[in-house]
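Subject: Structure handover

Hello,

Here is the structure for you to look through. Please open it next to this email and follow along.

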Amino acid sequence: MTLGNAAVPGAGPPTQRVIAVVGPTAAGKSDLAVDLALRLGGEVINADSMQLYRGMDVGTAKLGVPERRNVPHHLLDVWEVTRTASVAEYQELSRGAIDEVRGRGRVPLLVGGSGLYVRAALDDLEFPGTDPVVRARLEAELAEHGPGRLHERLRAQDPPAAEAILVGNGRRIVRALEVIEISGRPFTATLPAHRYLYDAVQVGLTVPRAELDERIGLRVRRMWDAGLVEEVKALEAVGLREGLTAGRALGYAQVLRFLAGEWTREQAIEETARATRRFARRQESWFRRDPRVRWLRYDAPGLLDEALALVRT
């Protein structure tokens, strides 16, 4: 799915290398990707799992049409909020988008902080199958006891997976435990060595911890001021609470609890910021484990030129 108008012509690199801009939330990935697209004659492909959802705009910091600066953006607003996310489905969609962009002689720019989605798009990676009986049993346990107990089990069986998956993300916890049970191996062991499917380069944006925490706090408050509560109310009317993925997204889950009267506005804001900071640390840990990511400071004076030098080498 393509959003936006025709791309601004650019000089273009010598190859149609796939470029990924990765790193923690609030690091400025989306803006850098657009800058690169304008210089290289590229098109952006979303790799943020929550920006795939239609109507989840404010709370995911999705770029508005003016901010895209006429650069085509793919894989935004693909799923309804009642749809359960699937990495395997995203893999198919993202590779189709990459091939489509390359087929037009353009440069694909993957951008997002969902580490597994980035790997699904770029790497020679196949996902294990599923077992309906095991899945149903784990989902029943999730419904009865909540994600906390299942997350502790995952921590005992596969500590790296537990570190990468948020405690509240019951769907992903269930999937990890399902893979462990049907394969007899840790979930993280099912991911092969880092091996690109395409000629690719990953540019990572790094932000000092204290600055990142401050940026996240400011971003969360701006989201509330920009209408996050109203956005959640509108999505609640079309099934957000029932969405196994979207309804548990950062910011959206906290606003739903605010709307239910469980938290005050200030409590919900603080809980969103706290959870987002924890998530950003998990993002950093995930991408730091990939030796292929080439890191740049988010606020480097010549950031665009440095990034261009990396993708052209």
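Which helix gives the most to the lining of the second largest pocket? Helix α7 does, with 3 residues. More on that pocket below.

Some ground rules come before the details. This is a predicted model, so local features need pLDDT of at least 70 and side-chain atom pairs count only at pLDDT 80 or more, while totals for chains, interfaces and linings use all residues. Residues are numbered from 1 along each chain as its sequence is written, and side-chain values use heavy atoms, with hydrogens and water left out.

The pocket

A pocket is found on a 1 Å grid over the protein atoms alone: it is an open set of points where a 1.4 Å probe fits, with protein on both sides within 12 Å along at least five of seven lines. Lining residues have an atom within 4 Å of a point. The second largest pocket holds about 350 Å³ of space. That volume is the space filled by probe spheres set on the points, which are joined across faces, edges and corners. Its lining has 15 residues. Nearest the centre lie S86, V87, R135, R171 and R175. Both α2 (87–103) and α7 (170–183) supply at least two lining residues. Helices here are DSSP runs of H or I with at least four residues, strands are runs of E with at least two, and numbering starts at the N terminus. By type, the lining has 8 nonpolar, 3 polar and 4 charged residues. Nonpolar covers Ala, Val, Leu, Ile, Met, Phe, Trp, Tyr, Cys and Pro; charged covers Asp, Glu, Lys and Arg; the others, Gly among them, are polar.

Strand β6

Buried means under 20% relative accessible area, exposed means over 50%, and partly exposed is in between (1.4 Å probe, protein chains only). A200, Q202, G204 and T206 point one way, and V201, V203 and L205 point the other way. Two strands pair if DSSP finds at least two bridges between them. Strand β2 (residues 18–22) runs parallel to β6, joined by 5 bridges. V22 has G204 as its bridge partner in β6. Strand β7 (residues 293–297) also pairs with β6 in the parallel sense, over 5 bridges. There, T206 partners R297.

Salt bridges

How many salt bridges does a search of the whole structure find? It finds 29. Each is a side-chain nitrogen of Lys or Arg within 4 Å of a carboxyl oxygen of Asp or Glu.

Take R69 and D35, whose closest N and O atoms are 2.8 Å apart. R69 lies in the loop between β3 (42–46) and β4 (73–74) and D35 in helix α1 (residues 29–40), so the pair ties together parts 34 residues apart in sequence. R69 is partly exposed at 34%, and D35 is partly exposed at 24%.

Next, R209 and E284 meet at 3.4 Å, N to O. R209 is in helix α8 (residues 209–225) and E284 in helix α11 (residues 265–288), so this pair ties together parts 75 residues apart in sequence. R209 is partly exposed at 43%, whereas E284 is buried at 14%.

D213 and R281 form another salt bridge, at 2.9 Å, N to O. D213 is in helix α8 and R281 in helix α11, 68 residues apart. D213 is buried at 18%, but R281 is partly exposed at 26%.

Finally, look for the network of salt bridges that links E43, E100, R104 and R106.

Best wishes
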